[in-house]
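Dear colleague,

Please find the structure below, handed over for your use. My notes on what was found in it follow directly after.

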Amino acid sequence: MNREMRDPNVPWVPLLGVQLRLAGVYFDAVRVRGPLGRHIALRFGELTGGDPGPVILERDGERAVYFLIASGSGARRRWPAGAELLTSGGTARDPRSSYVGVPALAGGTWPLSWYAPPSPDGRLVHTALLHAVLWAVHRARSGAQSAPVSRTDPYA
């Protein structure tokens, strides 16, 4: 049988093992490599009351963290150093299509696992909130001061 087995509640999550998913179909992803990715996942989890949306951990190699966001929602944003947007149009460095390894919810999925599994309602990581957390951590790590807020800024 060549048909892929999938969870009927979340069609992009395989029932067994790990499957590659083309970014831009069900989701785009923001990849943060190494310890910084784990730090962002922890901070983001705290801000969302432990319900950040689907986040995948890589336990080997680059040890990246993948935050799954709505397709197209990150395209018009400038992401800080260390965060890489993965889309069907590739990345800023490589225009080829990007694929994300998606683990099953249970069973042998090494080296990938869920930091926060997807929910049956299909909700993804909130792009604007993730973007704000990434920039806040980037500024804190670089020691940069944020620009003063303009009094005419309607979002201040």
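Which residue forms a salt bridge with Glu84, and how far apart are the closest N and O atoms? The partner is Arg31, with the closest N and O atoms 2.7 Å apart; a salt bridge here is a side-chain nitrogen of Lys or Arg within 4 Å of a carboxyl oxygen of Asp or Glu. Because Arg31 lies in strand S2 and Glu84 in strand S5, the pair ties together parts that are 53 residues apart in sequence.

Before going further, please note that this is a predicted model, in which local features need pLDDT of at least 70 and side-chain atom pairs count only at pLDDT 80 or more, while totals for chains, interfaces and linings use all residues. Residues are numbered from 1 along each chain as its sequence is written, and side-chain values use heavy atoms, with hydrogens and water left out.

Helices (H or I, at least four residues) and strands (E, at least two) are DSSP runs, numbered from the N terminus. Buried means under 20% relative accessible area, exposed over 50%, and partly exposed in between (1.4 Å probe, protein chains only).

Salt bridges

The count comes to 4 salt bridges. Arg31 is buried at 14% relative accessibility, and Glu84 is buried at 10%. Glu62 pairs with Arg33, the closest N and O atoms being 2.9 Å apart. Glu62 is partly exposed at 41%, as is Arg33 at 29%. Arg31, Arg33, Glu62 and Glu84 are linked in a network of salt bridges. Arg123 forms a salt bridge with Asp51, with a closest N and O separation of 2.8 Å. Arg123 lies in the loop between strand S7 (112-116) and H2, and Asp51 in the loop between H1 and S3, so this pair ties together parts that are 72 residues apart in sequence.

Leaving aside neighbours within four places in sequence, Leu134 is in contact (heavy atoms within 4.5 Å) with residues including Val30, Ile40 and Trp79. The buried residues of H2 include Leu130 and Leu134, and their cover includes S2, H1, S4 and S5. Just after H2, Gly143 takes a positive phi of about 75 degrees.

Kind regards
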